[in-house]
Amino acid sequence: GAFDGVGAFYHCTSLERITIPLKDGMITEDDTFQGCVNLKHVDLVEGEVLRDTIAALLLEEWRNDMKDKLVAIDQSLPTASGGDGSHDEGEKAQTVQLWISSVLGNIVRYKAQHRSLLNEAATTLQL
């Protein structure tokens with residue numbers, strides 16, 4: 001299921017790290033982490049599989065970009081507002097939502113480009 005309760009972790013100041021699947025729609029409410037001022041790290045359930053996928057990408061540029069994308073959340077989340085009042089949802093949930101979309105988008109794009117390059121190489125070999 002998704003973290004979709006209103007203020008699911010409302011003012012949970014002891015929450016520093018979460019582990020979630022890399023899946024759009026996991027966090028559906030902007031106030032999911034309202035008041036969670038110490039939330040600074042996100043780990044992915046699929047971390048090891050994702051690292052293997054990244055390592056298998058053909059171009060070093062792609063691998064480096066994906067590695068940078070994965071650690072970006074631990075750089076942006078600490079500076080995102082945790083929200084400080086009943087009308088201030090903070091930016092933590094939106095920061096995680098955007099990060100998940102960015103990582104997923106890049107994976108899809110690089111895997112498609114990877115397949116395209118492999119198909120080109122196979123065609124060249126057939127000639």
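Does Phe33 count as buried or exposed, and at what relative accessibility? At 1% relative accessibility, Phe33 counts as buried, where buried means under 20% relative accessible area, exposed over 50% and partly exposed in between, using a 1.4 Å probe and protein chains only.

A quick word on what you're looking at. This is a predicted model, where local features need pLDDT of at least 70 and side-chain atom pairs count only at pLDDT 80 or more, while totals for chains, interfaces and linings use all residues. Residues are numbered from 1 along each chain as its sequence is written, and side-chain values use heavy atoms, with hydrogens and water left out.

Now for the rings. Rings of Phe, Tyr and Trp (for Trp, the six-membered ring) pair if their centres lie within 6.5 Å; planes under 30 degrees apart are stacked, over 60 edge-to-face, and the rest tilted. That rule gives two aromatic pairs here.

Phe33 belongs to one of them: its ring centre is 5.5 Å from that of Phe9 and the planes sit at 15°, so the pair is stacked. Phe9 comes in the segment before strand E1 (17-20), and Phe33 in the loop between E1 and strand E2 (41-44), 24 residues apart. (Strands, E, are DSSP runs of at least two residues and helices, H or I, of at least four, numbered from the N terminus.) Phe9, at 23% relative accessibility, is partly exposed.

Then there's Trp62 with Tyr110: centres 5.3 Å apart, planes at 25°, so this pair is stacked too. Trp62 lies in helix H2 (residues 60-76) and Tyr110 in helix H3 (residues 92-126), so the pair ties together parts 48 residues apart in sequence. Trp62 is buried at 6% relative accessibility, and Tyr110 is buried at 6%.
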